[in-house]
Amino acid sequence: NSSNKFFGGKYVKTPVVFQTEGGGSVQTNPIDVLAVSCTCGVSQTAPTNQAAPNPARCSSYNGTPPTQGSTRSSLTQCQAAPDSIAMMGVGFDRGGRSSALNPFLNLAAPTGKTLHPGYIISKAGVTLGLTAENVKPFKTVQLQPNTKMPGTEWLQPNACATVAAPGGTPSVKLCGGMLMDTGIDFMFLSFNASQRPAGSTTPSAGPYDGANRTILTPGWPMTFTASGQDQQTLLTYTQTAVQTNATPTPQQTVAVWAGATAASGFMNTGRRLLYSSAYLFDQQCGKLGFAAY
């Protein structure tokens, strides 16, 4: 994963059950869920073990490549996984994972009814399944199909982040792929170091996301803008950068600079986007939308 950890085990096919408001529940059709038995670190050394790992014996992962055929890294310090490990991926266009593995998109429809696969995430909660009524508040953009994958899959949208010194100069508009990630409470701005304006970088006050980071200089405002292909603005909001040892308010963020040698731009908004807007993903029609509060 993005924290350079590897989780090994085996897939089991099972329904996923969600508790709903009012004490009820809904469940998915049976889907593949990774039952994790071993955790490993990843070393930047060539593999020394080409044998197929056995999920029942975690030491068998040591020295193997984290992905089949990799020659540049290997697994190390593999041990039995604690029971506390749990993660549910609900995004799209994330490294080849298909919508068939997304619990939010595979609800079992009531007898005699159909469901429109998609979801809404807001600061109030999560809504599974889309209707003509619950999509009304949203401005949407049509996503492009991911032709490299079978079935109906979609590519991530593009967005821009404008970072500026407190007085407005220097300023730069950075555009690239966009991910809204509920798993982190900060932003990643992954852009080549040459694109960062003078004075916009500072060391973090301590480890953040497991490491010391270069962050957007505290006090610098960052304006995020998402637009459709017709350049119609779907969402815009501004947050001010703060240091990593601070507790951000809804109007503040920690923005971590990453990808100093990146060939193309990318930004991870983190979940703080949800302070400004609800987020919609329509798997069936390939649309992404925002509804400002």
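Predicted model: local features only at pLDDT ≥ 70, side-chain atom pairs only at ≥ 80, totals over all residues.

Trainee: Why is the pair of Phe-6 and Tyr-61 called tilted?

Mentor: The ring centres of Phe-6 and Tyr-61 lie 6.0 Å apart, with 55 degrees between the planes. Rings pair if their centres lie within 6.5 Å, and planes count as stacked under 30 degrees and as edge-to-face over 60, so the remaining angles are called tilted. The pair of Phe-6 and Tyr-61 is therefore tilted.

Trainee: What does the pair of Phe-6 and Tyr-61 tie together?

Mentor: Phe-6 belongs to strand E1 and Tyr-61 to the loop between E4 and E5, so the pair ties together parts that are 55 residues apart in sequence.

Trainee: What makes the pair of Phe-224 and Tyr-237 tilted?

Mentor: The planes of Phe-224 and Tyr-237 stand at 35 degrees and the ring centres are 5.3 Å apart, so this pair is tilted. Phe-224 is in strand E14 (residues 221-227) and Tyr-237 in strand E15, so parts 13 residues apart in sequence are tied together. Both Phe-224 and Tyr-237 are buried. Phe-224 is also among the residues with the most contacts inside the largest nonpolar core, which has 41 residues. Strand E15 (residues 233-241) supplies the largest share of this core, four residues.

Trainee: Which residues does Tyr-279 contact, leaving aside its neighbours within four places in sequence?

Mentor: Among them are Phe-92, Tyr-119, Phe-138, Met-178, Leu-288 and Phe-290. Tyr-279 and Phe-290 are both listed with the most contacts inside the largest nonpolar core. Phe-92 and Tyr-119, for their part, form one aromatic cluster with Phe-18, Phe-104 and Phe-281.

Trainee: How do you know that the charged end of Lys-123 sits over the ring of Tyr-293?

Mentor: The charged end of Lys-123 is 4.5 Å from the centre of that ring. The rule asks for a distance within 6 Å and a position within 35 degrees of the ring normal. Lys-123 is therefore described as sitting over the ring of Tyr-293.

Trainee: Why are strands E1 and E5 said to stand at the edges?

Mentor: The open sheet has three strands in the order E1-E4-E5, with antiparallel pairing. Strand E1 (5-14) and strand E5 (74-80) each have a single partner strand, so one side of each is left without a neighbour in the sheet. From one strand to the next, the twist averages 40 degrees.

Trainee: How many bridges join E1 and E4?

Mentor: E1 and strand E4 (residues 31-43) pair over ten bridges in the antiparallel sense. As one example, Gly-8 has Cys-38 in E4 as its bridge partner.

How values were computed: Residues numbered from 1 in each chain as written. Heavy atoms only, no water. Pairing = 2+ DSSP bridges. Helix = DSSP H or I, 4+ residues; strand = E, 2+ residues; numbered from the N terminus. Axes fitted to C-alpha atoms, helices over the stretch in contact; angles between N-to-C directions. Core = buried A, V, L, I, M, F, W, Y, C linked by side-chain atoms within 4.5 Å. Buried < 20%, exposed > 50% of the residue type's maximum accessible area, 1.4 Å probe, protein only. Contact = heavy atoms within 4.5 Å.
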